[in-house]
Amino acid sequence: MGSETSTLPARMRAAQLYEYDGNLHVVELPVPTPADGEVLVRIAAAPINPSDAMFTRGLYGTRRPLPAIPGFEGAGTVVGHGGGAAGRALMGHRVAVAASAGSGTWAEYVTVAASSCFPLLPSLSTEQGAMLVVNPLTAWALVDLARADGHKAVVQTAAAGQLGRMIVRLGQRLSVETLNVVRRPAQVQLLRGLGARHVLSTHEPDFDARLAALCRELSATLAFDAVAGDMSARVLRALPRGGRLVIYGALSEAPCTINPGDLLFGRKRLEGFWLSDLFQASRLPTLLKGAVRVQQWHDPDFISTVRARFPLERAPEALRAYAQDMTDGKVLLVPGDAAVAA
Ligand SMILES: NC(=O)c1ccc[n+]([C@@H]2O[C@H](COP(=O)([O-])OP(=O)(O)OC[C@H]3O[C@@H](n4cnc5c(N)ncnc54)[C@H](OP(=O)(O)O)[C@@H]3O)[C@@H](O)[C@H]2O)c1
């Protein structure tokens with residue numbers, strides 16, 4: 001391995017799953033050795049996202065062999081490589097990493113393919129860089145999907161989350177009106193504070209009728225749903241004839257209940273979106289270009305609010321804290337002495 005060997009310890013701390021039961025165990029493991037084409041990244045921060053929370057319980061689209069280290073993204077410094085021009089070029093650089101099938105980012109060190117690293121511009125903090133891949137690239141892809149088909153307005157659910165807010169801000173920049181669906185009054189205020197013009201909450205008794213009326217008024221025939229369960233049915237019902245519902249999350253953890261009449265007689269369509277597929281389908285230069293653009297527009301479009309920072313030792317507590325209040329912001333795992341739980 002090409003590395004700063006003098007500064008690398010032999011062992012590291014990591015949060016690990018023995019079963020897909022949601023229970024994290026903080027353990028000591030050997031620092032992994034990068035294979036050919038891989039780099040070793042010293043992690044400075046890694047967020048807990050809904051996908052991670054689902055992964056820990058075996059509810060996500062991929063699994064890693066047990067015992068497994070969770071964490072799909074993070075940021076840090078490249079401190080070693082297993083060979084290859086890309087790995088050598090990345091040495092010493094701050095990067096955001098996308099960790100997929102192999103090991104996760106909830107550890108002091110992770111090995112990832114050099115092609116899964118996105119160098120961070122000097123203008124971006126490492127902490128924000130840790131949240132650069134999953135949400136910003138998804139917001140980018142979803143708004144792009146809307147624009148590619150000429151949509152001037154889109155419906156989105158879970159709109160007060162970090163990704164929802166990115167879609168609101170990106171929509172404002174790119175002239176795609178958002179019809180934002182939330183579930184609490186405080187979330188209505190939060191989005192109005194961002195300048196969102198249309199915010200509807202499911203706690204309001206006339207929610208369904210108002211959503212349908214607004215979809216008609218703004219000719220919104222495309223919707224992004226991260227909630228699933230009966231939310232998918234309600235949004236699909238509200239869309240005008242020929243509407244298209246893209247499901248990209250399952251926060252309710254419930255199966256979608258769809259009225260077949262909407263598909264049969266309303267000529268409406270239902271599909272899924274998974275960033276992982278975009279990674280598979282896109283060429284590396286395209287992804288790198290996207291990562292650079294996202295960083296250039298980061299402030300304010302792609303900023304994530306951070307609610308708390310926990311040291312790795314407190315990863316189980318961090319996971320519980322995140323689940324208790326998602327809208328208030330991301331919970332970060334911060335290996336090393338800098339960790340301060342807010
Ligand atoms: N398909 C992909 O490739 C992809 C990529 C990135 C993200 N995603 C998905 O995007 C979604 C949002 O991610 P995020 O990082 O923005 O999450 P986040 O910042 O944690 O926010 C989640 C938001 O959803 C709300 N919420 C949670 N459970 C809900 C429910 N059962 N019904 C209605 N609202 C609910 C939360 O409100 P409360 O505070 O009221 O709980 C919060 O406002 C997640 O489902 C995630 O998996 C998918």
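This is a predicted model: local features need pLDDT of at least 70, side-chain atom pairs count only at pLDDT 80 or more; totals for chains, interfaces and linings use all residues.
**Exercise 1. Overall form**

Count the helices and strands of the protein, then judge its radius of gyration against the globule rule.

Solution. 
- Step 1: The secondary structure consists of 13 helices and 16 strands.
- Step 2: For 342 residues the globule rule gives 20 Å, and the radius of gyration of the protein is 20 Å, so the protein is as compact as a globular protein of that length.
- Step 3: The C-alpha trace spans about 65 × 40 × 35 Å along its principal axes.

**Exercise 2. A pair of helices**

Describe how helix H4 and helix H5 are placed relative to each other.

Solution. 
- Step 1: Two packed helices are described by the angle between their axes and the distance between the axes.
- Step 2: Helix H4 covers residues 134-148 and helix H5 covers residues 162-174; their axes come within 9 Å and cross at roughly 45°.
- Step 3: Angles under 35 degrees would count as roughly parallel, and 65 to 115 as roughly perpendicular. H4 and H5 are therefore oblique to each other.
- Step 4: The crossing of H4 and H5 is right-handed.
- Step 5: On H4 the contact is made by Asn135, Pro136, Thr138, Ala139, Leu142, Val143 and Arg147. On H5 the contact residues are Gln162, Leu163, Met166, Ile167, Leu170, Gly171 and Leu174.
- Step 6: Sorted by class, this contact of H4 with H5 has nine nonpolar, four polar and one charged residues.

**Exercise 3. Backbone exceptions**

Locate the cis peptide bonds at Pro67 and Pro300, and the positive phi at Ser175.

Solution. 
- Step 1: Most residues other than glycine have a negative phi, and most peptide bonds are trans.
- Step 2: Leu66 and Pro67 are joined by a cis peptide bond with omega about -5°. Pro67 sits in the loop between helix H1 (50-56) and strand S5 (73-81).
- Step 3: Asp299 and Pro300 are also joined by a cis peptide bond, with omega about 10°. Pro300 belongs to helix H12 (residues 298-302).
- Step 4: Ser175, a residue other than glycine, has a positive phi near 60°. Ser175 is found in the loop between H5 and strand S10 (177-182).

Definitions and conventions: Residues are numbered from 1 along each chain as its sequence is written. Axes are lines fitted to C-alpha atoms, for helices over the stretch in contact, and angles run from 0 to 180 degrees between N-to-C directions. Helices (H or I, at least four residues) and strands (E, at least two) are DSSP runs, numbered from the N terminus. Angles under 35 degrees count as roughly parallel, over 145 as roughly antiparallel, 65 to 115 as roughly perpendicular and the rest as oblique. A crossing is left-handed if the near helix is turned anticlockwise from the far one by less than a right angle, and right-handed if clockwise. Two residues are in contact if their C-beta atoms, placed from the backbone, lie within 7 Å. Ala, Val, Leu, Ile, Met, Phe, Trp, Tyr, Cys and Pro count as nonpolar, Asp, Glu, Lys and Arg as charged, and the others, Gly among them, as polar. The radius of gyration is taken over C-alpha atoms; the globule rule is 2.2 Å times the number of residues to the power 0.38.
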